[in-house]
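User: I'd like to go through some side-chain contacts in this one. Can you take my questions as they come?

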Amino acid sequence: MPEAEGRGVARERAREPGAAASSGTEPEEADRLRDLLRSPAYQKALVLSALIGVPVSFAAFWFLAGLHALERLMWTDVPARLGQGIPPWWWPLPLLAVAGLLVGLVVKHLPGAGGHIPAAGLNAKGTKPSALPGVVLAAFIGLPLGATLGPEAPLIALGSGLAVLVAQQVRTLNTADGKALVGSAGAAAALAAIFGNPLVAAVMLIEMAGVGAPQLFVVILPALLSSGIGAIVFTGFGRWTGLSTGNLSLDVGAPVPRLDAGDVLWAIVLSVGIAVAMHTIVATGRRVARFVAGRPVTGAVLCALAAGVCAAVYTLTADRTPADVASSGQGTLAVLAQDPHAWGAGALIAVLLCKGVAYALCLGGLRGGPIFPALFLGAATGVLLAPLPGLGVVPGMAAGMAAAAAATLRLPVSSVVLVALVLRSESVMPVVILASVVSFVTVQLLPAGRPLPSPADPKGAT
């Protein structure tokens with residue numbers, strides 16, 4: 001056998017499963033990883049990424065604190081000073097009209113166009129530092145004044161933009177790959193700040209960056225589905241037999257709902273319906289974005305004002321605060337979870353319809369993130385349908401949030417981790433996994449919309 005041919009056969013055998021153990025030859029991938037970890041440039045990137053977490057987390061803290069303070073001022077403090085227990089029905093109209101006007105001007109005149117369009121989902125690409133003023137300004141205008149969006153997308157842009165700014169000062173990292181690597185680290189630090197958990201940030205960044213996609217989804221969906229079904233069978237069998245196998249979970253003393261067949265079956269039906277609804281909302285948001293693209297100021301004002309009308313109609317219909325509609329839904333979600341029975345069926349239907357329309361309008365016309373409104377809509381749907389025979393309130397909320405997040409973000413694993421973090425209950429994880437997979441598959445099978453136009457960037461952010 002010629003020497004070259006022999007080397008080729010050896011390489012092929014080294015790639016076979018178990019070949020490394022039997023021949024003593026390690027796979028080429030392991031060699032490349034070892035070489036990369038030994039590289040001074042990569043080691044410098046790791047150190048810089050660790051250091052970047054400090055200023056990014058500091059900036060993220062004050063960013064979120066400022067947003068919450070402004071939101072409380074506009075929707076609680078000022079109405080209280082005017083003698084209003086809750087903001088009157090007309091309150092969102094002037095606030096959102098101003099928000100639309102100012103955000104439209106930011107989009108039209110500042111570098112970066114105020115950030116990416118929310119209807120496009122979350123953006124894993126690094127933000128150019130010159131775009132940061134517009135991103136921060138658009139967020140501090142639109143979100144406290146009532147945009148039905150969350151702060152996560154501007155926060156990701158802030159984290160990645162600050163990290164890229166630092167990378168530009170380091171010669172070995174001032175390359176496309178170096179800035180992308182450090183920018184992802186900055187985005188992860190910002191995500192960890194808003195969700196309060198680094199695991200969610202890491203998983204979300206992996207899915208957002210499309211590492212191994214579509215192969216990632218081809219492998220992970222069967223694994224997720226099998227693990228969820230396995231958990232249902234395993235826990236159910238243990239309950240039926242009364243036997244124990246031991247586990248690593250801790251008893252925190254909180255009431256834990258027990259899943260049954262009704263929860264599982266309804267979770268599947270619920271997930272399909274929510275997936276179709278959220279797909280329709282996002283598709284509407286994309287159509288709105290195409291309308292706004294040619295008229296950023298006028299379009300933003302019209303969208304914001306229409307969202308304000310939705311909030312006003314909700315208040316007149318349900319006699320509740322318009323902030324239920326004109327907000328990200330993060331605070332309202334906590335209120336709903338604490339006392340879901342305080343919401344009547346009429347109020348839940350009204351908030352789903354009004355917030356759903358406002359969400360679609362803001363996805364295309366303003367700037368912000370898509371996560372928290374989607375979580376609220378999913379949770380509210382689960383609570384509304386909880387009286388169905390065999391469906392509990394907590395499993396309904398869990399399945400609703402997972403399905404809505406997976407359908408909106410197209411990130412099934414991140415949706416599972418996020419809902420698990422929010423609910424902090426292992427017992428509902430099977431329906432969370434099942435709902436996330438079913439919802440993700442459903443939206444993937446629905447017709448894809450046309451690509452979104454790039455927002456105008458007259459200053460050419462660099």
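This is a predicted model: local features need pLDDT of at least 70, side-chain atom pairs count only at pLDDT 80 or more; totals for chains, interfaces and linings use all residues.

Analyst: Residues are numbered from 1 along each chain as its sequence is written, and side-chain values use heavy atoms, with hydrogens and water left out.

User: How are the planes of Phe-61 and Trp-62 arranged?

Analyst: Rings of Phe, Tyr and Trp (its six-membered ring) pair if their centres lie within 6.5 Å, with planes under 30 degrees apart called stacked, over 60 edge-to-face and the rest tilted. The structure holds 5 aromatic pairs. For Phe-61 and Trp-62, the centres are 5.1 Å apart and the planes stand at 85°, so this pair is edge-to-face.

User: Is Phe-63, which pairs with Phe-140, buried or exposed?

Analyst: The Phe-63 and Phe-140 rings have centres 5.3 Å apart and planes at 90°, so they are edge-to-face too. That pair links distant parts of the chain, from helix H4 (residues 40–81) to helix H6 (residues 132–142), 77 residues apart; helices here are DSSP runs (H or I, at least four residues), numbered from the N terminus. Buried means under 20% relative accessible area, exposed over 50%, and partly exposed in between (1.4 Å probe, protein chains only). Phe-140 has 26%, so partly exposed, while Phe-63 has 4%, so buried.

User: Which residue forms a salt bridge with Arg-320?

Analyst: A salt bridge needs a side-chain nitrogen of Lys or Arg within 4 Å of a carboxyl oxygen of Asp or Glu, and the count comes to 2. The closest N and O atoms are 3.2 Å apart, and the partner is Asp-324.

User: Over which ring does the charged end of Arg-320 sit?

Analyst: The rule asks for NZ of Lys or CZ of Arg within 6 Å of the ring centre and within 35 degrees of the ring normal. Another case is Lys-355, lying over the face of Phe-376 at 5.5 Å from the ring centre. For Arg-320, the charged end sits 3.8 Å from the centre of the ring of Trp-343.

User: And where is Val-276?

Analyst: At 37% relative accessibility, Val-276 counts as partly exposed. Its place is in helix H11 (residues 261–293).

How values were computed:
Helices (H or I, at least four residues) and strands (E, at least two) are DSSP runs, numbered from the N terminus.
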